[in-house]
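Hello,

The structure is pasted below, followed by my notes on it.

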Amino acid sequence: MPTTRRIESGDPVAEMTNGLIIADAAIILAIRLESLGHVLTVEDGLLKVSHGATLTAEDRASIQRYRWQLLAIAGWSEP
């Protein structure tokens, strides 16, 4: 179970069981995208989001902003 804390910028983050720290906003974005039917995967180190043509400009901007954290989420597996 992740624990929540804040980083210097004041943004809330979650510390995963493996010590990885992810912005809450990135976690919420991943959940929202998946609830809309998108699948996040990692291929050759790149983030892939299924059904890319249906993403809004706001979705694309958020994905770009949290790209590295979404990569970690998509590639994460339970230890």
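How many residues does helix 1 have, and how far does helix 1 reach from its first C-alpha to its last? Helix 1 has 12 residues and reaches 16 Å, close to the 16 Å expected at 1.5 Å a residue (the expected span is 1.5 Å times one less than the number of residues). Helices (H or I, at least four residues) and strands (E, at least two) are DSSP runs, numbered from the N terminus.

This is a predicted model: local features need pLDDT of at least 70, side-chain atom pairs count only at pLDDT 80 or more, and totals for chains, interfaces and linings use all residues. Residues are numbered from 1 along each chain as its sequence is written, and side-chain values use heavy atoms, with hydrogens and water left out.

Ala26, Leu29, Ala30 and Leu33 of helix 1 are buried (under 20% relative accessible area; exposed is over 50%, partly exposed in between; 1.4 Å probe, protein chains only). They lie on the same side of helix 1, because they cover an arc of only 100° around the axis (taken from the directions from the helix axis to the C-beta atoms). Ile28, Ile31 and Ser35, on the other side of helix 1, are exposed. Glycine 37, with a positive phi near 100°, follows helix 1.

There is one salt bridge in the structure (a side-chain nitrogen of Lys or Arg within 4 Å of a carboxyl oxygen of Asp or Glu). It joins the side chains of aspartate 59 and arginine 32 at 2.3 Å, N to O. The pair links distant parts of the chain, 27 residues apart: aspartate 59 is in helix 2 (residues 57-65) and arginine 32 in helix 1 (residues 24-35). Aspartate 59 is buried, at 5% relative accessible area, and arginine 32 is partly exposed, at 33%.

Regards
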